[in-house]
Amino acid sequence: MSSGNRASHPGSFGFPTRASLHIAGEARPLRVAVLGAGSIGCFVGGCWQAAGLPVTFIGRPSFASDIGGYGLTLSDYSGWEASISPVNVDYRCGPEGLAGADIIALCVKSGATADAAKQIAQHGREGSIVLSLQNGISNVDVLEHELGSRFRVVRGMVPYNVAYLGEGRFHKGVAGEIYSEDAAEMRELAKGIGPSPGALKLSSDMLSLAWGKLLINLNNAVSALSGRTLLEELRERDYRRVFAASMSEGLRLLEKARIKPAKVGAVGPRLLPWVIGAPDWLFNNVFLKKWKIDAKARSSMSDDLASGRRTEIDYINGELVRLADRLGASAPVNRKIVQLIRKAESGAPPLPPAQLRREILGR
């Protein structure tokens with residue numbers, strides 16, 4: 001393993017020149033704050049710091065304690081690994097660290113968006129960018145309502161899972177790259193990050209990408225209800241049938257609403273339910289082998305249930321339920337999944353494959 005801020009493995013990324021802003025003719029480094037620095041926030045912010053950017057992390061005391069003792073260790077499915085020593089990690093538990101940031105990467109759970117916006121409004125520097133790296137669709141609307149014209153809100157997307165392995169170790173178990181709306185500051189940020197595991201891609205149609213990601217995120221609830229890792233869950237066709245049915249229902253609703261979800265990953269949204277629902281011999285031996293998912297990967301919703309936290313079900317499957325209500329349509333599959341997650345939050349045990357299929361699909 002490397003020490004300090006250096007990464008090590010064959011072909012690991014280099015360290016590009018830091019991104020900078022030009023203010024009153026004077027250049028200075030682009031400063032980033034990660035608000036809600038849990039598993040995703042620590043991995044993303046850690047990759048950005050390893051690439052040479054100054055990053056302030058703001059999150060829970062438990063993470064502050066672990067990182068203060070062990071530092072940050074980052075890894076991914078390919079074998080890449082990097083470490084940042086404790087003395088070089090600026091991890092705080094209060095929002096005062098927002099004051100110096102040019103870009104605030106927001107990684108709080110969706111239910112905490114309004115509270116986070118109030119912290120940003122009070123402590124953030126007016127004119128800075130708030131980059132939402134959250135699940136769901138409606139967070140940007142909440143941020144824009146709360147922050148008004150004082151801050152620029154930018155939609156982003158993190159398409160992969162990160163598992164916290166303890167002792168400051170954060171592991172990216174699934175392939176994918178972060179996306180953001182195209183803006184001048186985002187171009188500077190992407191340039192500063194470079195080709196690292198935390199690389200940033202830019203898009204002019206982030207809303208379509210967000211809906212495409214939400215369709216894939218429908219598996220978070222299935223994985224959480226299974227009580228298994230992503231690989232273990234996806235190997236079971238009955239779990240995949242539930243996932244495919246929730247996605248097909250979502251696609252019908254989006255078509256009715258005239259929303260076109262973008263392709264996120266190797267398979268487009270129209271074909272993905274067929275791929276997911278394929279027989280085990282085909283899915284496990286062909287499709288699953290092509291997807292870069294390792295044995296440590298878990299859904300964030302599984303982690304929430306394991307930790308006794310309220311999940312983000314209202315901002316994933318619940319987004320489709322609300323869309324159905326607005327359209328005067330039905331969403332029985334996703335509505336039932338929301339109900340089962342609520343029971344799981346209250347202590348209901350995981351469901352075996354056939355039982356979950358019968359509970360949701362009735363067959």
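Me: If a charge sits over a ring when NZ of Lys or CZ of Arg is within 6 Å of the ring centre and within 35 degrees of the ring normal, which residue has its charged end over the ring of Tyr-160?

Reply: That is Lys-172, whose charged end lies 4.2 Å from the centre of the Tyr-160 ring. This is a predicted model, in which local features need pLDDT of at least 70 and side-chain atom pairs count only at pLDDT 80 or more, while totals for chains, interfaces and linings use all residues. Residues are numbered from 1 along each chain as its sequence is written, and side-chain values use heavy atoms, with hydrogens and water left out.

Me: Which residues do ring pairs link with Tyr-160 into a cluster?

Reply: Phe-43 and Trp-80 are linked with Tyr-160 by ring pairs, where rings of Phe, Tyr and Trp (its six-membered ring) pair if their centres lie within 6.5 Å, and planes under 30 degrees apart count as stacked, over 60 as edge-to-face and the rest as tilted.

Me: OK, how many aromatic pairs in total?

Reply: There are eight in the structure. One of them is the edge-to-face pair of Phe-63 and Tyr-164, with 5.0 Å centre to centre and 70° between the planes. Because Phe-63 belongs to helix H2 (residues 61-70) and Tyr-164 to strand E12 (residues 162-166), the pair ties together parts that are 101 residues apart in sequence; helices (H or I, at least four residues) and strands (E, at least two) are DSSP runs, numbered from the N terminus.

Me: Are Phe-63 and Tyr-164 buried or exposed?

Reply: Both Phe-63 and Tyr-164 are buried, which stands for under 20% relative accessible area, against over 50% for exposed and in between for partly exposed (1.4 Å probe, protein chains only).

Me: Switching to charges, how many salt bridges are there?

Reply: The structure holds 20 salt bridges, each a side-chain nitrogen of Lys or Arg within 4 Å of a carboxyl oxygen of Asp or Glu. Among them, Glu-312 and Lys-109 meet at 4.0 Å, N to O, and this pair links parts of the chain 203 residues apart.

Me: And why does Glu-312 count as buried?

Reply: Glu-312 counts as buried because its relative accessibility is 5%, whereas Lys-109, at 32%, counts as partly exposed.

Me: What partner does Asp-304 have?

Reply: Asp-304 forms a salt bridge with Arg-309, their closest N and O atoms being 3.0 Å apart. Asp-304 is buried, with a relative accessible area of 1%, while Arg-309 is partly exposed at 32%. Through shared partners, salt bridges join Lys-109, Asp-304, Arg-309 and Glu-312 into one network.
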